[in-house]
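Open the model in your viewer and keep the selection panel at hand. The stops below go one selection at a time.

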Amino acid sequence: MSATPTATTAEATSTERVQQHRRYLMCRPVHFTVSYSINPWMEPSRPTDTNLALQQWQSLYDTYTSLGHEIELIDPVEGLPDMVYTANGGFVIDGVAYGPKFRFRERAAEAPAFIDWFAASGFEVAEPVEVNEGEGDFLLVGDTILAGTGFRSTGDSHREVGEVFAREVVSLTLVDPRFYHLDTAIAVLDPVEGPGGVEKANIAYLPTAFDERSQAILRERYPDAIRVSDSDGSVFGLNSASDGKNVIISPRAVGFEAQLRERGYTPVMVDLSELLLGGGGIKCCTLELRGGAR
Ligand code: ARG
């Protein structure tokens with residue numbers, strides 16, 4: 001982490017936020033379109049504008065680089081219109097990349113493309129046995145992996161990801177088909193790492209996207225979480241990327257924007273309306289690369 005938090009744990013209650021350096025994997029939406037439907041947002045009969053998708057994607061890229069983050073690019077593959085959603089391409093911690101295994105055959109060919117990229121880019125690859133869609137369903141919050149199931153990644157993949165990374169995994173069940181990946185229903189706002197490890201980790205989430213059991217777990221583990229409204233959730237407000245200080249969000253998530261400001265974060269609005277036609281937003285287009293060679 002390049003930005004060393006100078007604030008102590010008192011920061012948790014103050015409004016000062018500390019930016020952390022991020023390294024992300026992205027994929028230019030050169031071949032973006034909606035030619036099939038594997039989530040309720042995708043409507044193949046509605047036309048898409050690939051140039052607009054490229055422009056909007058570029059604004060996300062430029063936002064990250066202007067904040068000082070590092071972006072790696074994977075080559076887009078013709079015939080794989082969803083490859084722009086790199087969050088599904090794997091889950092990376094400490095230079096180890098757990099590879100994806102997609103639920104639907106339409107995306108199956110993305111898996112070897114991502115796995116090859118990791119191998120060629122100095123990551124140690126853990127080949128998956130179980131169906132999982134990477135950081136779309138696995139979120140690192142402090143030292144814990146929150147893992148989603150219900151629509152895409154299987155419960156068995158939660159066990160597998162725990163074995164690969166030797167970390168605690170908390171399984172959460174999604175129940176609303178609009179929020180089919182965990183990263184559409186939870187945003188990780190921190191961790192803030194200090195000399196003694198993770199001092200404070202917080203999230204924002206949409207309670208109604210989860211079953212009762214999962215809601216109870218989230219309430220108990222994250223009593224300070226931001227709970228977003230249904231209207232902010234349904235514009236993919238939670239599908240956002242945070243560096244601990246700046247939180248890149250959809251301009252339509254106006255309530256979430258205000259909640260973030262109240263907590264001392266700096267919301268940065270980036271509109272990916274065209275990519276939402278494929279059922280993805282800011283976080284979907286962003287895979288965090290933790291550790292590893294560069
Ligand atoms: N069309 C893609 C799919 O249904 C969108 C993926 C969005 N990615 C995400 N991390 N939520 O698989």
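Two notes before the start. This is a predicted model: local features need pLDDT of at least 70, side-chain atom pairs count only at pLDDT 80 or more, and totals for chains, interfaces and linings use all residues. Residues are numbered from 1 along each chain as its sequence is written.

**Core.** Next, show the largest nonpolar core, with 76 residues. Such a core is a set of buried Ala, Val, Leu, Ile, Met, Phe, Trp, Tyr and Cys residues joined through C-beta atoms within 7 Å. Buried means 20 or more other C-beta atoms within 10 Å of a residue's own, exposed 12 or fewer, and partly exposed in between, with C-beta atoms placed from the backbone. A185, I186, A204, Y205, L238 and C285 have the most contacts inside the core. Helix α3 (residues 110–120) gives the most to this core, with five residues. Helices (H or I, at least four residues) and strands (E, at least two) are DSSP runs, numbered from the N terminus.

**Helix α4.** Select residues 155–165. S157, H158, E160, V161 and F165 are buried. Look down the axis: these buried residues fall within an arc of 165 degrees, so they line one face of α4. The arc is that of the directions from the helix axis to the C-beta atoms.

**Sheet.** Now find the open, mixed sheet of three strands, in the order β2-β1-β17. Its edge strands are β2 (70–73) and β17 (287–288). Strand β1 (residues 23–26) pairs with β17 in the antiparallel sense over two bridges; pairing requires at least two DSSP bridges between strands. L25 stands opposite L287 in β17.

**Two loop residues.** Which of the two is buried, and which exposed? Select A166, in the loop between α4 and β8. Its phi is positive, near 50 degrees. A166 counts as exposed, because it has 7 C-beta neighbours inside 10 Å. Then go to F236, between α6 (230–233) and β14 (241–242). Phi of F236 is near 65 degrees. With 28 C-beta neighbours inside 10 Å, F236 counts as buried.
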